[in-house]
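Here are some notes to read beside the structure. Please keep the model open and find each residue as you go.

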Amino acid sequence: MRESWVDYAKGIGIILVVFGHVNRGLYSAGIHVSEEFYQQLDSIIYSFHMPLFFFLSGLFFTSSLAHRGKRKFILNKIDTIVYPYIIWSLLQGTIEVFLSRYTNNPASFSDIFSLFAHPRAQFWFLYALFMVFVVAALLYHKQHFSLTLPILLLISIGLYLYQNAIGHVFHVDYITRFMVFFLLGALAIRYSSLIASLTFPVTALLAVLFVIAEWVFHCYLDLDYTQVGILSLLLAVVAIAFITSLSVQLSHLNCRWLQRLGELSMVIYLMHILAGSGLRIILSKGLHIDSWLIQAVAGTLFGLIAPIVAYSIIQRLNLNFLLERPRTRSSSRTAPRH
């Protein structure tokens, strides 16, 4: 059974993803309020928004794997993660090559065709997510996973704490950085009824803890999200707990628009860079609008809305092959999930 709050959490997460990328694009283009404001805001967002997505991805890992079996599970991830990764890396990369004179980071065809070794732009997440899914699936054993999960979680904490020493050869850093949050999701789903019963006072308390944790980490200790250790891990866990509790409260309010953003988070993730960057170029070079506030708000909204409109067009024109590998009608689904 799918928990409704999960889509609300994905909705919050994808808003942060789009805004974070829009903000970084504006900074690279020389449009920002101040260096300090940019660095602080960027670090706050990146301290937890991607760990949040790995946590959410881990929630239904065991049920999906138990239902499909390892072989079908991995094949499903090839369909829903690897396939769109390839299609959209090629599509976005080709557009970036032809528009290199207008973009912040000019691309070449050699960059595009190295996608299996070096993921580009936002697509690193899909690359990392598939790696995490495969490694977790290989470690999974149905009869003993209840006993091994806490052990694997402890090991993943150790890998996270020593990720800099381990390095990033063959992108092993994707495992060391994010497996801990994925496994936390696999553990948390066992307490789904407790999560669903979280109250507003608990959410308020977690909100206060979140603000305090962010302030201590970024202001008092003057750290940023790249400085990984026990403090960055605790900060991400507190943030995930807060977003989870907040999402439960929002699900009670039936904020349908936010839930829809969560349902289409994969679609938005695939397309938002093209949308947000395209609008930034039009506003700055075409209309000469260099206000950070206008650019940030407009870019974020367009980065969220344009992919949804494009998704509707894709469905109407029966172009679903752009999002998921074509399959037989009986096994097809209306929207890709991860």
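1. **Ground rules.** This is a predicted model, in which local features need pLDDT of at least 70, side-chain atom pairs count only at pLDDT 80 or more, and totals for chains, interfaces and linings use all residues. Residues are numbered from 1 along each chain as its sequence is written, and side-chain values use heavy atoms, with hydrogens and water left out.

2. **Helix H3.** Start with H3, residues 49-58. Helices are DSSP runs (H or I, at least four residues), numbered from the N terminus. Is H3 mostly covered or mostly open? It is mostly covered: ten of its ten residues are buried. Buried means under 20% relative accessible area, exposed means over 50%, and partly exposed lies in between (1.4 Å probe, protein chains only). Among the buried residues are His49, Pro51, Phe53 and Ser57.

3. **H3 against H13.** Two packed helices are described by the angle between their axes and the distance between the axes. The axes of H3 and H13 (residues 230-253) come within 9 Å and cross at roughly 65°. Axes are lines fitted to C-alpha atoms, for helices over the stretch in contact, and angles run from 0 to 180 degrees between N-to-C directions. The crossing of H3 with H13 is right-handed. A crossing is right-handed if the near helix is turned clockwise from the far one by less than a right angle, and left-handed if anticlockwise.

4. **Who meets whom.** From H3, Pro51, Leu52 and Phe55 meet Ala236, Ile240, Ile243 and Thr244 of H13. Contact means heavy atoms within 4.5 Å. By class, the residues of this H3 and H13 contact are six nonpolar, one polar and no charged. Nonpolar covers Ala, Val, Leu, Ile, Met, Phe, Trp, Tyr, Cys and Pro; charged covers Asp, Glu, Lys and Arg; the others, Gly among them, count as polar.

5. **H1 against H13.** Helix H1 (residues 4-28) also packs on H13, at an angle of about 115° and with the axes 8 Å apart. H1 passes H13 in a right-handed crossing. Residues of H1 in this contact include Trp5 and Tyr8, and those of H13 include Ile243 and Thr244. The contact of H1 with H13 has eight nonpolar, four polar and no charged residues.

6. **Threonine 244.** Look at this residue of H13. What does threonine 244 touch, not counting residues up to four places away in sequence? It touches Trp5, Phe55 and Ile195. Threonine 244 is buried, with a relative accessible area of 6%.

7. **Aromatic pairs.** The structure holds 24 aromatic pairs. Rings of Phe, Tyr and Trp (its six-membered ring) pair if their centres lie within 6.5 Å; planes under 30 degrees apart count as stacked, over 60 as edge-to-face and the rest as tilted. The ring centres of phenylalanine 73 and phenylalanine 133 are 5.6 Å apart and the planes are at 70°, so this pair is edge-to-face. Phenylalanine 73 is in H5 and phenylalanine 133 in H7 (residues 124-139), 60 residues apart. Both phenylalanine 73 and phenylalanine 133 are buried.

8. **A second pair.** Tyrosine 160 and phenylalanine 181 are also edge-to-face, with 5.8 Å centre to centre and 85° between the planes. Tyrosine 160 lies in H8 (residues 145-161) and phenylalanine 181 in H10 (residues 173-188), so the pair ties together parts that are 21 residues apart in sequence. Tyrosine 160 and phenylalanine 181 are both buried.

9. **Charges over rings.** Lysine 77 lies over the face of phenylalanine 133, at 4.3 Å from the ring centre. Arginine 24 lies over the face of tyrosine 46, at 3.7 Å from the ring centre. The test is NZ of Lys or CZ of Arg within 6 Å of the ring centre and within 35 degrees of the ring normal.

10. **Two asparagines.** Most residues other than glycine have a negative phi. Asparagine 254 has a positive phi of about 60°. It is found in the loop between H13 and H14 (256-263). Asparagine 254 is exposed, with a relative accessible area of 55%. Asparagine 318 has a positive phi of about 55°. Asparagine 318 is in the segment after H16 and is exposed, at 59% relative accessible area.
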